[in-house]
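This text walks through selected features of the structure shown below. Please keep the sequence and the model in view while reading.

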There are 2 protein chains.
Amino acid sequence: MSRTPEPRACTIASTLEVVGERWSLLVLRETFYGMHRFDEIQQHTGAPRDVLTKRLRTLVEEGILEKRPYQSHPARYEYHPTRAGEELRPVLILLNAWGARWRPVDGADAMVIEHEGGHPIDPVLRCAACGKEIAHRNISVLDTTRAA
Amino acid sequence: MSRTPEPRACTIASTLEVVGERWSLLVLRETFYGMHRFDEIQQHTGAPRDVLTKRLRTLVEEGILEKRPYQSHPARYEYHPTRAGEELRPVLILLNAWGARWRPVDGADAMVIEHEGGHPIDPVLRCAACGKEIAHRNISVLDTTRAA
């Protein structure tokens with residue numbers, strides 16, 4: 001038990017290597033708002049242009065966004081979420097709900113999200129195996145790197 | 001419509017100002033694994049010590065972690081999630097599930113999470129208003145900054 005452990009290899013860490021940075025998640029937010037072009041994403045996020053260029057390149061390389069040409073002279077591209085990118089939307093929905101509770105922004109609405117039928121969304125994480133809510137009280141995280 | 005818009009004020013952005021950085025979320029991961037002391041958090045995340053010191057300070061200042069003394073000569077503290085910190089756990093659970101699908105790590109288990117009763121957790125985001133799953137296909141994001 002005295003050796004220094006390696007950093008934990010886990011899929012949260014591998015995920016955060018790609019999206020664990022505020023501009024990357026804010027870029028995804030904008031694509032969900034329907035903003036797909038560099039200038040609109042830049043203006044709505046406030047990301048420095050050089051940083052945004054790098055983040056967009058990484059998100060495309062990692063298969064989270066895809067480029068779609070919308071103009072050819074000069075070549076211009078829109079950025080659209082792939083299936084993997086779309087599947088990050090629940091993460092943003094939870095961040096939005098957490099923020100509305102713990103980090104309210106004066107004078108600004110939270111992202112307004114409607115569910116099918118047009119009612120405001122009220123996200124709750126449930127377990128598909130048992131149907132119950134997943135709360136901090138009723139889950140256990142097993143450390144598979146610890147000796148039994 | 002020609003003025004340059006301000007960056008969008010939203011609770012996702014205000015949330016990411018605090019936790020939109022991989023080390024911060026990995027620190028939270030470790031507290032959920034039961035790691036609460038600086039050295040164990042450092043070893044299991046691999047965060048540079050100076051960066052980790054800053055992240056822990058920020059997380060305490062922002063009310064996501066709290067310090068609890070465990071030794072007095074010299075003074076030493078453990079870091080435990082507050083209620084706000086606990087409520088970020090569903091975000092990590094979703095990141096973990098997304099990563100298991102899109103960023104599997106060779107030779108490493110995903111974080112193993114059990115639900116009450118001991119079955120593996122299978123997270124799904126549902127809408128408390130209607131009970132249906134929240135998927136990228138059935139939600140609309142309204143841009144409240146756009147003119148009608």
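This is a predicted model: local features need pLDDT of at least 70, side-chain atom pairs count only at pLDDT 80 or more; totals for chains, interfaces and linings use all residues.

E21(A) has a relative accessibility of 18%, so this residue counts as buried, the cut-off being under 20%. The side chain of E21(A) forms a salt bridge with that of R55(A), with 2.9 Å from N to O.

Side chains of opposite charge can pair when their charged atoms come close. E66(A) and R68(A) meet through their side chains in a salt bridge of 3.1 Å, N to O. E66(A) is partly exposed, with a relative accessible area of 32%, and R68(A) is partly exposed as well, at 37%. A further salt bridge links R89(A) to E86(A), whose closest N and O atoms are 3.3 Å apart. Here both partners, R89(A) and E86(A), are buried. Salt bridges that share partners also join R8(A), R29(B) and E30(B) into one network. Over all chains, the count comes to 24 salt bridges.

Next comes helix α3 of chain B, residues 38-45. Which residues of this helix are buried? They are F38(B), I41(B), Q42(B), H44(B) and T45(B). An α-helix has 3.6 residues a turn, so residues three or four places apart point the same way. The cover over the buried residues of α3(B) includes α2 (22-32) and α4 (49-61) of chain B. Just after α3(B) comes G46(B), which takes a positive phi of about 75 degrees.

Most residues other than glycine have a negative phi, and most peptide bonds are trans. In chain A, the peptide bond from H73(A) to P74(A) is cis, with omega near -5 degrees. P74(A) lies in the loop between β1 (65-72) and β2 (75-81) of chain A. In chain B, H73(B) and P74(B) are joined by a cis peptide bond, with omega about -5 degrees. P74(B) is placed in the loop between β1 (65-72) and β2 (75-81) of chain B.

Technical notes
Residues are numbered from 1 along each chain as its sequence is written. Chains are lettered from A and ligands numbered from 1 in the order in which they are written. Side-chain values use heavy atoms; hydrogens and water are left out. Helices (H or I, at least four residues) and strands (E, at least two) are DSSP runs, numbered from the N terminus. A salt bridge is a side-chain nitrogen of Lys or Arg within 4 Å of a carboxyl oxygen of Asp or Glu. Buried means under 20% relative accessible area, exposed over 50%, partly exposed in between (1.4 Å probe, protein chains only). Contact means heavy atoms within 4.5 Å.
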